[in-house]
Amino acid sequence: MKTTDTPPTPPPAGTVEPRPAVTKTDVPAPGETKSGGVLNVFSHGVLVIWAVLVVLPLLWAVMTSFKDDRSIFTSPWSLPDTLHFENWSRAWTQAHMSDYFLNTVLVVAGSLAGTLLLSSMAAYVLARFEFPGNRFIYYLFIGGMSFPIILALVPLFYVMNNLGLLNSIHGLILVYIAYSLPFSVFFLTAFFKTLPTSVAEAAIIDGASHTRTFFQVMLPMAKPGLISVGIFNFLGQWNQYLLPTVLNTDPDHKVLSQGLVQLAVSQGYKGDWSGLFAGLVMAMLPVLAAYIIFQRQVVAGLTAGALK
């Protein structure tokens, strides 16, 4: 049996038959591909060089802390023949690094807790509430970031002396908090502005007070920003040297930065270079460990505003 194919029906007269859509594919120009590849190679090369410049001195300091004094001078770039753990114990006990470490932990822990609490409260109010003087107070904190601390050392010394806070742990904590507040308020104000307002409004409608809304709703949401600003303050306060040198001259209350300088000065008479490097690594390890543990939170806090 034959089948008859029906010919297609021609379009009516006066109509234009639509043409099939043509998909246009953008092909990068050869010059663009080449320049992009060169830029990637250059940027990766710069990153590799920067990583080498940062990592090698750190590894060399750790390696040197396990050598004896003779090996440090005769073969400074070679691996230690034996691990001299007595360098660490000598620095911890005889060089009083244990006392300096404890004082630093007390000062940094107290100042970090006070800085995060006060700065988050101030930043939340400045970011969420409109009131006369809001911008003026905010710009006062901004101005505090640009004020060099070295210009305030002399009046700060006399203020602390009049208040009876010189050569004390709690006095140093208060100074660290005041020193860290401008940057912390500036950072957290921008972060609180990125958080959704609907959650706080829902809490207020449900009967929560402003205090409860802040501590139970907004503060947990601001955890990435708090961790980020906490890491930055921890780095600055742990390595702070100028303020404790001026305001804390009591040997019993010295912090790690002062202890390391005192240990380095004493090398002119004793030559305990292995103990010096062991103390140096002791001071670096907490900072390095904190950043490795919280590196994801730091990146999340820095990019939260951009990813909103």
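This is a predicted model: local features need pLDDT of at least 70, side-chain atom pairs count only at pLDDT 80 or more; totals for chains, interfaces and linings use all residues.
Residues are numbered from 1 along each chain as its sequence is written, and side-chain values use heavy atoms, with hydrogens and water left out.

Now the overall picture. The chain has 15 helices and zero strands; these are DSSP runs numbered from the N terminus, helices being H or I with at least four residues and strands being E with at least two. The chain has 308 residues, and 34% of them count as buried. Its accessible surface is about 19,700 Å², with 69% belonging to carbon and sulfur atoms; such areas come from the Shrake-Rupley method with a 1.4 Å probe, and for residues only the protein chains shown count as cover. Among contacts with a separation of 6 or more, 74% are between residues 24 or more positions apart, where contact means heavy atoms within 4.5 Å.

Next, the aromatic residues. The whole structure holds 17 aromatic pairs. Rings of Phe, Tyr and Trp (its six-membered ring) pair if their centres lie within 6.5 Å; planes under 30 degrees apart are stacked, over 60 edge-to-face, and the rest tilted. One of the pairs is Trp60 with Trp77, tilted, at 5.8 Å centre to centre and 40° between the planes. Trp60 is in helix α1 and Trp77 is in the loop between α2 (69–74) and α3 (86–93), so this pair ties together parts 17 residues apart in sequence. Trp60 counts as partly exposed because its relative accessibility is 26%, and Trp77 counts as exposed because its value is 71%.

Back to Tyr124: what does it form with Phe214? The answer is a tilted aromatic pair, 5.1 Å centre to centre with 45° between the planes. Tyr124 lies in helix α4 (residues 97–128) and Phe214 in helix α9 (residues 210–221), so the pair ties together parts 90 residues apart in sequence. Phe214 is also buried, because its relative accessibility is 5%. Tyr124 and Phe214 belong to one aromatic cluster with Phe129, Phe192 and Phe215.

Then there is Tyr138. Arg135 lies over its face, at 4.5 Å from the ring centre, and the charged end of Lys193 sits over the ring of Tyr138 as well, 5.9 Å from its centre. The criterion is NZ of Lys or CZ of Arg within 6 Å of the ring centre and within 35 degrees of the ring normal. Arg135 is in helix α5 (residues 134–146) and is partly exposed, because its relative accessible area is 36%. Leaving aside neighbours within four places in sequence, Arg135 contacts Leu126 and Lys193.

Last, the surface. Val48, Ile49, Trp50, Val52, Leu53, Val54, Val55, Leu56 and Leu59 make a nonpolar surface patch of about 890 Å². Patches are made of residues with over 30% relative accessible area and no salt bridge, with like charges joined within 9 Å and nonpolar side chains (Val, Leu, Ile, Met, Phe, Trp, Tyr) within 5 Å; a salt bridge is a side-chain nitrogen of Lys or Arg within 4 Å of a carboxyl oxygen of Asp or Glu. Leu53 is in helix α1 (residues 30–64) and counts as exposed, because its relative accessibility is 58%.

Conventions:
Buried means under 20% relative accessible area, exposed over 50%, partly exposed in between (1.4 Å probe, protein chains only).
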